[in-house]
Structures are given as structure tokens and as C-alpha cells.
Amino acid sequence: MQVGAELVNRYGILHGGLMTAFIDTAMAETTFKVDHAVARALTLNISVDFIRPAHVGQTLSAEVSTIQNSRSIIVFHVNVYEGNELVSTSLAHFYKQYNK
């Protein structure tokens with residue numbers, strides 16, 4: 001994700017809600033790669049630890065790891081980096097919904 005001026009808060013750093021949305025999207029999209037039969041990936045909970053701020057012009061990347069994958073629940077851990085620097089870490093549970 002490229003951090004643009006429209007994504008920062010009044011302090012000039014990436015808004016935490018937008019960082020959370022970036023992480024949430026990365027995890028949901030990973031669900032479809034892990035289980036091709038899933039129709040919808042629904043966030044059950046998400047926790048984000050903000051390690052350092054992200055600023056305009058920086059490019060963030062998400063490294064998603066699957067912690068657990070059952071029939072209906074998948075658990076992810078995500079590290080977000082700016083270059084080699086850890087920016088945030090996250091853990092979330094998703095509900096996997098299948099077509100009937």
C-alpha cells in the first residue's frame with residue numbers, strides 16, 4: 001500500500017483505521033487463496049499492534065501467515081513492513097462462508 005496524503009491523520013501519520021483496513025483486506029484475500037471453495041471471508045475479530053508510524057510516500061507490504069485453518073474458521077497473523085522495518089502486527093479470526 002502506498003501511503004498518500006489523503007490517508008494520514010492530523011498528525012501526518014497513516015490513520016490507524018486505514019492500516020487496519022489494509023490488514024483486514026490482505027487477510028480476507030488470503031482466505032480465498034488458502035481455500036478456493038470459500039465464497040465469503042468475514043472478519044470475526046481483529047487486533048492490531050501499531051509499532052511505528054507510517055508516513056506519506058512510504059510503501060507498506062503485508063506478510064500474511066496462516067495460524068490455523070479449520071472447516072469454518074481461519075486464523076491469520078500479519079506483519080506489515082516499510083522496507084525491512086516492522087510497522088505493525090496483527091492477529092484475526094475469519095469465518096469462512098461457502099456457497100450452498
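**View 1. Thr89 lies in strand E4.** Strands (E, at least two residues) and helices (H or I, at least four) are DSSP runs, numbered from the N terminus. This is a predicted model, in which local features need pLDDT of at least 70, side-chain atom pairs count only at pLDDT 80 or more, and totals for chains, interfaces and linings use all residues. Residues are numbered from 1 along each chain as its sequence is written, and side-chain values use heavy atoms, with hydrogens and water left out. Thr89 counts as buried because its relative accessibility is 15%. Buried means under 20% relative accessible area, exposed means over 50%, and partly exposed is in between (1.4 Å probe, protein chains only). Setting aside residues up to four places away in sequence, Thr89 touches Ser47, Val48, Asp49, Ile51, His77, Val78 and Asn79. A contact means heavy atoms within 4.5 Å. Across from Thr89 stands Asn79. Ala62 is 27 residues from Thr89 along the chain, and their C-alpha atoms are separated by 9.3 Å.

**View 2. E3 and E4 form a hairpin.** The two strands pair in the antiparallel sense over 10 bridges. Strands pair if DSSP finds at least two bridges between them. The hairpin has 2 residues between its strands. Gly83 sits in the turn, with a positive phi of about 65 degrees. Ile73 has Tyr95 in E4 as its bridge partner.

**View 3. E2 and E3 form a hairpin with 3 residues between them.** Strand E2 covers residues 60-69. Its pairing with E3 is antiparallel and runs over 9 bridges. Thr66 stands opposite Phe76 in E3.

**View 4. E1 and E4 pair in the antiparallel sense.** This pairing runs over 11 bridges. Here Ala41 stands opposite Lys96 in E4.

**View 5. The largest nonpolar core has 19 residues.** A nonpolar core is a set of buried Ala, Val, Leu, Ile, Met, Phe, Trp, Tyr and Cys residues joined through side-chain atoms within 4.5 Å. Leu14, Met19, Ile23, Met27, Leu60, Val80 and Phe94 have the most contacts inside this core. At least two core residues come from each of helix H1 (16-34), strand E1 (38-50), strand E3 (73-82) and strand E4 (85-98). H1 gives the largest share, 5 residues. In soluble globular proteins, nonpolar side chains tend to be buried together.

**View 6. Phe94 is in contact with residues including Met27, Leu44 and Phe76.** Neighbours within four places in sequence are left aside.

**View 7. The chain has 1 helix and 4 strands.** From the N terminus on, the order is α-β-β-β-β. Its C-alpha atoms fill a box of roughly 45 × 25 × 20 Å, taken along the principal axes. Of the 100 residues, 33% are buried. Among contacts with a separation of 6 or more, 59% join residues 24 or more positions apart.

**View 8. The chain exposes about 5,900 Å².** Carbon and sulfur atoms supply 51% of this area. Accessible areas come from the Shrake-Rupley method with a 1.4 Å probe; for residues, only the protein chains shown count as cover. The chain carries 7 positive and 8 negative charges, and their mean positions are 12 Å apart. Lys and Arg count as positive and Asp and Glu as negative, while His and the chain ends are not counted. Each charge is placed at NZ of Lys, CZ of Arg, CG of Asp or CD of Glu.
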